[in-house]
Each structure stands twice: as structure tokens, then as C-alpha cells.
Amino acid sequence: MKRGGDLAITVLTGIVAIPLGLVIALLIRCTMGGPVLFRQTRTGLRGKEFEILKFRTMRDKRFPEEPDAPRITRLGDLLRRTSLDELPQLWNVARGEMGVIGPRPTLPEQVVHYSRRQRGRLDVRPGLTGWAQVQGRNSITWPERIELDLWYVRNRSLGLDLRILVLTVKVLLNPAGITAAGGVNPGFPAPTEPVEPVETVETAGATTGAGTGGAEPAPAVLGLPRLTTGPRPVPPLRARPARPAPVGAAVEEAS
């Protein structure tokens with residue numbers, strides 16, 4: 001049922017998105033040259049990797065050590081502030097690699113640091129927008145984002161998805177937290193237990209990441225709301241300081 005809703009939203013949105021996307025592609029071509037699309041490998045449902053699509057927002061590097069932030073063009077900054085750089089991901093939704101609502105897909109080099117519990121984030125399709133996105137996007141730390149996404153996986157419902165859609169519209173009209181300070185999302189936690197290989201092919205049953213033995217206490221998170229229907233959210237456990245990760249998300253990879 002949710003897959004049918006994703007396709008319906010994609011078709012309806014595509015009526016406006018396709019002509020708008022053609023105009024954006026032309027502007028990118030005129031101001032930055034090719035390629036028009038930015039492609040990057042991300043991890044999706046049950047650890048299956050796919051190539052995410054975005055409109056390009058940064059010019060080429062003038063020298064190898066040039067940082068990411070100065071490379072964002074005026075057009076690229078506008079696309080990011082309006083989230084129009086994400087329009088090509090409607091194709092990812094149409095292909096079944098993503099859904100409209102779900103945790104944002106992360107890089108494989110980040111996923112290998114997930115604990116057994118955190119891999120519960122991969123039990124659903126990644127989304128164009130999600131619960132963590134409407135709670136602060138890239139202005140909140142990775143431990144907070146992961147906890148918010150795990151809460152969504154446990155409590156997902158049609159009512160919650162509709163609520164996220166409404167909040168997404170509000171975020172788009174009043175954008176904030178698009179990029180973290182310095183272009184790096186802080187605090188990606190190093191694992192506190194041995195990390196098992198992430199499953200790379202879909203199996204008949206979904207894996208379960210919550211409530212398994214040996215999982216570390218959850219980091220402190222933003223306040224989770226109580227739904228009027230469905231199960232009550234589990235209160236966050238006492239936070240444990242997370243060791244800094246060796247890899248941070250670059251500006252182009254921020255969301």
C-alpha cells in the first residue's frame with residue numbers, strides 16, 4: 001500500500017517536477033557545464049546499495065585541497081535552500097530504491113560503523129524526507145538523527161507519514177539546518193560492539209535492529225512526541241559519549 005502511495009505522489013509531483021527540472025538542468029549546464037547530475041552511492045533497504053541522484057550544486061575543484069564550501073555556486077546555494085537539488089530523487093522513488101517518507105540514505109562508509117541496533121534504520125526504504133529531516137535536518141548530530149530514525153521505524157504509520165509530509169512543507173517554506181557548521185555533520189558514533197557485515201541482498205524477512213542483546217545505550221536525542229494513536233515512544237536512555245568518527249559527511253553529501 002505504501003509503495004502505491006509513493007508511486008502516486010511521484011507521478012503527481014512529476015507533472016511539475018519534469019519541466020522545472022529541465023529548466024534547472026539548463027541553468028546548471030550554462031553556469032557550471034556538465035555533468036548536470038551529482039551521483040553518489042548510498043545504502044538503502046536492508047543494506048542494498050544504490051546510486052542516489054541530485055542536481056549538481058558545486059563547481060569542479062580548482063586545486064586538489066580546495067574545500068567544499070567555496071565551491072557551492074549561487075545557483076547551487078539556491079537549489080539547496082529550496083531543496084530543489086533533490087528533485088532527481090523522484091527517479092530513485094520510481095525505481096523502488098527510495099520511498100517518499102523514510103530515513104535519509106547514508107554513505108556505505110558510515111553504515112559499516114552502525115551497531116546491530118542502529119542497523120534497524122535499514123529495515124525500511126530510505127526516503128526523500130523523514131522524521132529526522134523535519135526535526136532539524138543537518139543541524140542535529142548523527143546520534144540524534146539515528147535515534148529519531150529508529151523511533152520512526154518502530155512507530156511508522158499512515159498518520160505519522162501524513163504528519164511528516166505536512167511538517168516537510170513547513171520546513172521547505174522556512175528552510176533551516178540545511179548544512180551543518182563547516183559542512184560536516186558532527187558526532188557520528190564509532191561502534192561499541194563488533195560490527196557484523198551489513199546484508200547486501202534483500203531476503204524474505206526484514207532484519208530487526210531494535211532490542212537485540214548487547215546493543216549500546218542510545219545517545220541523548222531530541223524530544224520525541226507522543227502519538228495520539230499507536231504505541232508510545234520509548235524514552236531515551238542515558239547518553240553515552242560517542243567517539244568521533246574518522247569520516248565526516250562532506251557538504252555535497254550532507255543530506
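## Pocket and cores in a predicted model

Visitor: What makes up the lining of the largest pocket, by class?
Guide: This is a predicted model. In it, the lining of the largest pocket has 11 nonpolar, 7 polar and 3 charged residues.

Visitor: What makes a residue part of that lining?
Guide: A lining residue has an atom within 4 Å of a pocket point. The largest pocket has a volume of about 610 Å³, and 21 residues line it. Closest to its centre are Ser83, Leu128, Thr129, Thr168 and Leu172.

Visitor: Which elements each supply at least two residues of the lining of the largest pocket?
Guide: Helix 1 (2–32), strand 4 (127–129) and helix 6 (158–173) do. Helix 6 gives the most, with 5 residues.

Visitor: Why is the set around Trp131 called a nonpolar core?
Guide: A nonpolar core needs buried residues of the listed nonpolar kinds, joined through side-chain atoms within 4.5 Å. The largest such core has 18 residues, and Trp131, Tyr152, Leu160 and Ile164 have the most contacts inside it. The largest share, 4 residues, comes from helix 5.

Visitor: Where do Met32 and Leu79 belong?
Guide: They sit in a second, separate core of 10 residues, which also includes Val36 and Leu90.

Visitor: How much of the chain counts as buried?
Guide: Of its 255 residues, 46% do.

Visitor: What share of the accessible surface belongs to carbon and sulfur atoms?
Guide: The surface comes to about 13000 Å², and 62% of that belongs to them.

Terms used:
Residues numbered from 1 in each chain as written. Predicted model: local features only at pLDDT ≥ 70, side-chain atom pairs only at ≥ 80, totals over all residues. Heavy atoms only, no water. 1 Å grid on protein atoms, 1.4 Å probe; cavity = no way out; pocket = protein on both sides within 12 Å on 5 of 7 lines; lining within 4 Å. Points joined across faces, edges and corners; volume = space filled by probe spheres on them. Nonpolar A, V, L, I, M, F, W, Y, C, P; charged D, E, K, R; others polar. Buried < 20%, exposed > 50% of the residue type's maximum accessible area, 1.4 Å probe, protein only. Areas by Shrake-Rupley, 256 points an atom, 1.4 Å probe, with all protein chains shown as cover.
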